[in-house]
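Here's a quick briefing to read alongside the structure.

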Amino acid sequence: MLRKRTKMMKVSYFPGCTLKNKAVQLDIYARKCAEALGVSLEEIENWQCCGGVFSTAKDEIATKLSSVRALKEAKEKNRPLVTVCSACHNVIKQTNHAMSTDAEFAGKVNRYMAEDTDYAGETEVMHYLEMLRDLVGFDKIKEKVVKPLTGKKIAAYYGCLLLRPNSVMKMDNPENPRIIEDLIRALGAEPVMYANRNECCGGYVIMESPSLAEKKSQAVVENAKSAGAEIITTACPLCRYNLLKNGADIPVIYFTELLAQALGLKEDTDEQ
Amino acid sequence: MQRIGVFVCWCGTNIAGTVDVKAVAEALKNEPGVIVSTDYQYMCSQSGQQMIKDAIAEHKLTGIVVCSCSPRMHETTFRKTAASAGINPYMVEIANIREQCSWVHKDMPIGTEKAIILGKAAVAKVNLNAPLTPGESPVTKRALVIGGGIAGIQTALDIADAGFPVDIVEKKPTIGGKMAQLDKTFPTLDCAACILTPKMVDVAQNDKIRIFSYSEVTDVKGFVGNFDVTIRKHARYVKEDVCTGCGACIEKCPMKKVPNEFNLGMDNRTAIYIPFAQATPKVATIDPNYCNMLKNGKCGLCAKVCAAGAIDYTQKDEFIEEKYGAIVVATGFNPISMEKFDEYAYSQSKDVITSLEFERLTNAAGPTAGKLLRPSDGKHPHTIVFVQCVGSRCEACAEKGKEYCSKICCMYTAKHAMLTRDKYPDTDVYVFYIDVRTPGKNFDEFYRRAVEEYGVHYIKGMVGKVTPEGDKLKVQASDLLLNKQLHIDADLVVLAAAIEPDKSARPLATLLTASMDTNDFFTEAHPKLRPVESPTAGVFLSGACQGPKDIPETVSQAGAAASKVIGLLAKDKLTGNPCVAHSDEMMCNGCSSCERVCPYGAITYNDKEFRMPDRTTLIRRVASVNPAVCQGCGACTVACPSGAMDLHGFASSQIMAEVDAICK
């Protein structure tokens with residue numbers, strides 16, 4: 001019987017700076033897996049750094065302009081904008097929200113950009129995890145798994161930026177999320193539940209107060225290990241950096257690597 | 001043409017301080033229809049009223065305008081004055097020159113000008129007033145109480161005590177409500193069961209009170225004095241009048257793993273059950289979700305062992321129709337779900353519990369026979385952290401919790417903390433609070449005792465995170481007074497969950513056309529002066545369905561609601577408000593707009609025969625208003641596209657005349 005070839009779904013893709021150097025695995029496997037799952041990630045042309053942190057100073061637009069440009073390009077192509085780094089996602093989604101709800105801010109940005117058309121937050125910003133859940137579907141991922149991660153006890157580490165503020169991010173329950181756990185289950189592994197999975201790793205504080213970041217990161221790792229975790233998985237390059245820097249003695253890998261392993265696109269080497 | 005008298009009140013300096021009352025009286029003298037216009041220091045006083053009566057007699061007045069305070073204050077007073085002088089009370093109009101004029105203005109010329117305008121508007125209206133006579137309707141001398149907690153029980157007992165029959169409809173198999181689940185009660189620490197169960201027995205034994213347990217109100221029609229109510233009595237598969245409550249069936253029932261809702265799922269019950277020892281009525285109920293006989297026809301043990309022959313697997317839901325003169329809502333409250341508060345690890349650890357669960361854990365009839373043991377491993381907790389305001393006063397996170405203060409938590413947490421320290425002095429007890437609120441008789445003294453005599457650690461600040469680790473709960477919190485972070489290794493964490501109205505309240509409010517606030521608490525007719533009445537005539541409020549309340553306050557309100565009901569049922573006939581809507585059938589086009597906007601369900605549509613000029617008969621669908629139900633809000637008069645709806649006493653022509661007078 002002839003199988004109808006499913007058409008590739010096209011989405012705009014914003015990788016972000018870190019994914020081009022420190023976190024190349026996050027990027028490489030995001031692309032490979034998307035292709036295997038029937039989604040084509042079309043990188044935004046000439047994208048620039050998202051700004052790193054969403055500034056809550058309302059009169060500040062400079063660090064948000066690159067996000068708006070990326071959002072605008074996705075709008076012109078009539079596609080959702082997919083991000084994968086937690087920090088990029090947070091900045092771009094919050095900027096998009098401000099563009100659609102804060103007329104004063106949006107007016108200032110549009111006047112500064114002085115382009116032919118204004119932007120008012122029309123683009124749908126979607127994290128790669130949401131793309132897996134809502135566009136592809138965890139059921140379909142389960143079908144496509146060729147090397148299930150059976151028997152692995154994996155702790156999902158959300159960190160703080162991915163889910164908060166909930167009123168804007170609207171991805172999952174920020175205090176008891178399940179999206180990564182559901183993915184882990186779809187890949188055949190066993191998710192480990194632990195309380196610190198949505199706590200901050202210390203973030204940028206590591207620059208100013210390394211000991212505080214160490215304390216925060218170690219609490220996460222210890223809590224995950226005491227719950228039986230053998231692997232920690234995350235979407236955030238900074239979280240991974242902090243956990244490893246502060247002595248995590250179990251592998252900390254990106255969720256795209258897990259996905260790639262299960263889809264047979266990556267060897268299981270547990271390399272750091 | 002009316003003959004109108006205008007009476008301008010000084011209200012001491014309240015009005016006269018900012019309004020030149022003599023100028024007002026003078027200015028209104030020349031308005032159309034005005035025969036006499038005068039002023040006086042206190043128009044509501046006996047001599048002021050006499051002045052009005054004398055003027056009516058002397059000048060043969062047909063209409064009165066009193067320029068004074070709000071009609072809410074003294075409209076009734078002046079209507080009575082007019083009636084005693086022989087003119088229809090609805091020929092009196094009040095121009096509010098106090099609340100809406102003198103109190104809000106500081107400048108005499110401006111205040112005076114506005115008072116004159118308000119007076120002119122009232123005169124213009126009286127010129128179009130017509131005498132109105134209120135209708136009468138009979139009263140069914142029976143009350144319905146919806147909800148059988150302490151609020152419903154007290155209301156029913158008080159109404160029955162006055163000699164009127166009362167029915168209690170309770171959706172659970174027994175009355176008793178939340179209070180039956182409590183251990184001790186603040187601030188006197190008497191045992192809840194010891195003071196509640198005698199009242200439950202009183203209810204059961206009172207021949208004026210009928211209990212419809214395991215029942216719900218499914219339909220309400222009619223109006224004050226004449227409600228037609230349908231009650232659905234759920235099949236309990238046990239004949240209530242035959243069951244002796246001996247409990248033999250419960251011992252034999254093989255289905256022993258049903259979560260026991262009375263103990264909040266902390267232990268199990270059987271599929272056939274009596275919720276607790278003092279249940280009223282003390283009859284068994286079969287839970288159809290778990291009974292093997294009802295699910296797949298296999299078992300039947302309870303029927304075999306029942307000596308009374310009370311088991312009836314074929315029982316069906318029964319619908320009872322009854323007439324009532326008054327309805328009391330006493331649907332109570334529930335703690336909110338903790339599912340959105342995962343920072344406290346409620347779903348992750350059995351040792352994170354709610355305060356109501358704590359009540360069951362310390363109750364002698366609870367799952368641990370009153371010993372304070374951790375749900376996870378049955379060990380004594382040595383460090384307990386109480387977290388107050390979980391979901392209360394939660395303005396920043398409105399999608400999770402409630403903006404309001406749940407009011408009872410400060411006191412019951414102080415009680416829990418104190419009792420724990422009293423019974424288990426080796427236990428460290430922490431209470432985290434935003435504020436400690438203890439307004440009530442002997443309440444603050446009680447809280448001070450917890451702190452000073454019992455050594456409870458009260459810490460101003462909130463808990464940010466609870467992390468189960470090993471057999472400990474790592475509590476991360478802030479101490480706002482010391483400005484530092486705290487880390488406590490606790491054995492048990494108790495969450496004072498916010499309370500919310502029972503879920504049954506919203507659909508019930510729709511049935512009753514009673515109004516609710518955004519939090520689903522029933523709204524009272526006046527927040528200060530009519531706190532136990534709903535704005536819907538004949539519907540009264542008792543207990544926490546109206547707002548968070550402790551037991552003393554609930555019982556006071558229950559008694560107040562009962563006295564309002566008694567006052568209503570004591571009347572043989574009810575005098576209606578004649579200022580109601582009426583429809584001009586010749587103009588009505590049958591569009592139903594008015595029916596849709598009527599918040600009281602007072603409008604119905606009927607097909608009616610009309611004789612045409614050519615002697616043919618035309619059947620048209622037209623609106624009619626039940627004057628006993630209509631509250632005169634006027635929504636229909638605005639909605640009606642053809643102008644068929646109008647309001648007695650507030651006719652569109654009268655309102656327009658007022659507007660014209662103001663804009664002149």
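How many helices and strands make up the secondary structure of chain B? The count comes to 19 helices and 34 strands. Keep in mind that this is a predicted model.

**Chain B as a whole**
- Chain B has 664 residues, and 46% of them count as buried.
- If you follow the C-alpha trace of chain B along its principal axes, it spans about 90 × 70 × 40 Å.
- Take the contacts in chain B between residues at least 6 apart in sequence: 70% of these join residues at least 24 apart.

**Where chain A meets chain B**
- The contact between the two chains takes eight residues from chain A and 10 residues from chain B.
- On the chain A side, those residues split into two nonpolar, five polar and one charged.

**Helices H7 and H8 of chain B**
- Two packed helices are described by the angle between their axes and the distance between the axes.
- H7(B) covers residues 150-161 and H8(B) covers residues 192-205; their axes come within 10 Å and cross at roughly 50 degrees.
- H7(B) passes H8(B) in a left-handed crossing.
- From H7(B), the residues that meet the other helix are B:Ile150, B:Ile153, B:Ala156 and B:Leu157, and their partners in H8(B) are B:Leu196, B:Lys199, B:Met200, B:Asp202 and B:Val203.
- Sorted by class, this contact has seven nonpolar residues, no polar ones and two charged ones.

**Helices H13 and H14 of chain B**
- Here's another helix pair: H13(B), residues 409-423, and H14(B), residues 443-452, have axes that come within 9 Å and cross at roughly 35 degrees.
- The crossing of H13(B) and H14(B) is left-handed.
- H13(B) brings B:Met411, B:Ala414, B:Ala417 and B:Met418 to the contact, while H14(B) brings B:Phe443, B:Phe446, B:Tyr447, B:Arg449 and B:Ala450.
- The classes in the contact of H13(B) with H14(B) are eight nonpolar, no polar and one charged.

**Strands of chain B**
- In a regular strand the side chains alternate between the two faces of the sheet.
- Strand E6 (residues 143-146) of chain B is covered on both faces: B:Ala143 and B:Val145 are buried on one side, and B:Leu144 and B:Ile146 are buried on the other.
- E6(B) pairs with strand E7 (residues 166-169) of chain B in the parallel sense, over four bridges.
- In that pairing, B:Ala143 has B:Val166 of E7(B) as its bridge partner.
- Strand E21 (residues 383-390) of chain B is mostly covered, with seven of its eight residues buried.
- E21(B) pairs in the parallel sense with strand E22 (residues 428-433) of chain B over five bridges, and B:Thr383 stands opposite B:Asp428 there.
- E21(B) also pairs in the parallel sense with strand E27 (residues 492-497) of chain B over five bridges, with B:Val385 opposite B:Val493.

- Look for B:Glu99 in helix H5 (residues 98-102) of chain B.
- B:Glu99 has 14 other C-beta atoms within 10 Å, so it counts as partly exposed.
- Leaving out residues up to four places away in sequence, B:Glu99 touches B:Cys69 and B:Ser70.
- B:Gln278 is 179 residues from B:Glu99 in sequence and 55 Å from it in space, C-alpha to C-alpha.

Key
Residues are numbered from 1 along each chain as its sequence is written. Chains are lettered from A and ligands numbered from 1 in the order in which they are written. This is a predicted model: local features need pLDDT of at least 70, side-chain atom pairs count only at pLDDT 80 or more; totals for chains, interfaces and linings use all residues. Axes are lines fitted to C-alpha atoms, for helices over the stretch in contact, and angles run from 0 to 180 degrees between N-to-C directions. Helices (H or I, at least four residues) and strands (E, at least two) are DSSP runs, numbered from the N terminus. A crossing is left-handed if the near helix is turned anticlockwise from the far one by less than a right angle, and right-handed if clockwise. Two residues are in contact if their C-beta atoms, placed from the backbone, lie within 7 Å. Ala, Val, Leu, Ile, Met, Phe, Trp, Tyr, Cys and Pro count as nonpolar, Asp, Glu, Lys and Arg as charged, and the others, Gly among them, as polar. A residue is buried if 20 or more other C-beta atoms lie within 10 Å of its own, exposed if 12 or fewer, and partly exposed in between; C-beta atoms are placed from the backbone. Two strands pair if DSSP finds at least two bridges between them.
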